[in-house]
Amino acid sequence: MKRIELVLIAIAVLGICLDRFSVPGINVLLVMTLAGLAMFYFFFGVVIFSDVQFRGIIKTSTTEEISPLRKVWSALAGVTSSIIVIGILFKVQRWPTASLNLNLGLFAAAVISAISIFKYAKTKASYYLIILKRMIILSAIAVLIASISA
């Protein structure tokens, strides 16, 4: 699961770099990659943020071990990550409402990160640390893209 995510991120970074050099046709690759990454976070957010193996999705025993609150929290983190990636896509492509998408995603990421910090300090569960790391990395990339594209 993480391998797919890393490949999509690597292709997206390469696409953003090549877009800055105005390589023809790179926009199609960039849109497909970032849209794929956004869909990946949206549909598999529960699996990614709960640190469940991809093979374990089908087995009900692995998903039953996760509490309903963690499932909802992972789904929210997945949707937030998806919004951030769509905001990055809109900003790089210079499409309308790019700033709105990016700011909405960054606000949601800040809320999720703050709550994850408090929950991690209280329980020391690695689950919250996984969410916190991914939110910080995505937020940093989004802020960097927003400042470069402005």
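In what order do the elements of the protein chain run from the N terminus on? They go α-α-α-α-α-α. This is a predicted model, where local features need pLDDT of at least 70, side-chain atom pairs count only at pLDDT 80 or more, and totals for chains, interfaces and linings use all residues. Residues are numbered from 1 along each chain as its sequence is written, and side-chain values use heavy atoms, with hydrogens and water left out.

**View 1. The whole chain, built from 6 helices and 0 strands.**
Helices (H or I, at least four residues) and strands (E, at least two) are DSSP runs, numbered from the N terminus. The protein chain has 150 residues, and 38% of them count as buried. Here, buried means under 20% relative accessible area, exposed means over 50%, and partly exposed is in between (1.4 Å probe, protein chains only). Now look at contacts, meaning heavy atoms within 4.5 Å. Take the ones between residues at least 6 apart in sequence: 67% of them join residues at least 24 apart.

(The expected span is 1.5 Å times one less than the number of residues.) Which residues of helix 1 are buried? They are Glu5, Leu8, Ala12, Gly15, Ile16 and Asp19. Looking down the axis of helix 1, you'd find these buried residues within an arc of 100°, so they line one face of the helix. That arc is taken from the directions from the helix axis to the C-beta atoms. An α-helix has 3.6 residues a turn, so residues three or four places apart point the same way. On the face turned away from the buried side of helix 1 sit the exposed residues Arg3 and Leu6. Just after the helix comes serine 22, with a positive phi of about 55°.

**View 2. Isoleucine 16, a buried residue of helix 1.**
Its relative accessible area is 15%, so isoleucine 16 counts as buried. Leaving out residues up to four places away in sequence, isoleucine 16 touches Leu30, Val92 and Ile145. Valine 92 is 76 residues away from isoleucine 16 in sequence, yet their C-alpha atoms are 7.3 Å apart in space.

**View 3. The largest nonpolar core, with 30 residues.**
A nonpolar core is a set of buried Ala, Val, Leu, Ile, Met, Phe, Trp, Tyr and Cys residues joined through side-chain atoms within 4.5 Å. In this one, the residues with the most contacts inside the core are Leu34, Val85, Ile88, Ile131 and Met135. Two or more residues each come from helix 1, helix 2 (26–50), helix 4 (68–93), helix 5 (98–123) and helix 6 (126–149). Helix 2 gives the most, with 8 residues. Zoom in on isoleucine 88: setting aside neighbours within four places in sequence, this residue is in contact with Leu34, Leu102, Ile141, Ala142 and Ile145.

**View 4. Threonine 80 in helix 4.**
Is threonine 80 buried or exposed? At 6% relative accessibility, threonine 80 counts as buried. Not counting residues up to four places away in sequence, threonine 80 touches Gly105, Ala108, Ala109, Ile112 and Met135.

**View 5. Phe40, Tyr41 and Phe44 as one aromatic cluster.**
The structure holds 5 aromatic pairs. Rings of Phe, Tyr and Trp (its six-membered ring) pair if their centres lie within 6.5 Å; planes under 30 degrees apart count as stacked, over 60 as edge-to-face and the rest as tilted. Phenylalanine 40 and tyrosine 41 have ring centres 6.2 Å apart and planes at 55°, so that pair is tilted. Both of these residues, phenylalanine 40 and tyrosine 41, are buried. Phenylalanine 40 also pairs with phenylalanine 44: the ring centres are 5.8 Å apart and the planes are at 55°, so this pair is tilted. Phenylalanine 40 and phenylalanine 44 are 4 residues apart in helix 2, so about one helical turn separates them. Phenylalanine 40 has 7% relative accessibility and counts as buried, while phenylalanine 44, at 30%, counts as partly exposed.

**View 6. Helix 5 and what follows.**
Helix 5 has 26 residues and reaches 37 Å from its first C-alpha to its last, close to the 38 Å expected at 1.5 Å a residue. Its buried residues include Leu102, Gly105, Ala109 and Ile112. After helix 5 comes lysine 124, with a positive phi near 60°.

Conventions
The expected span of a helix is 1.5 Å times one less than its number of residues.
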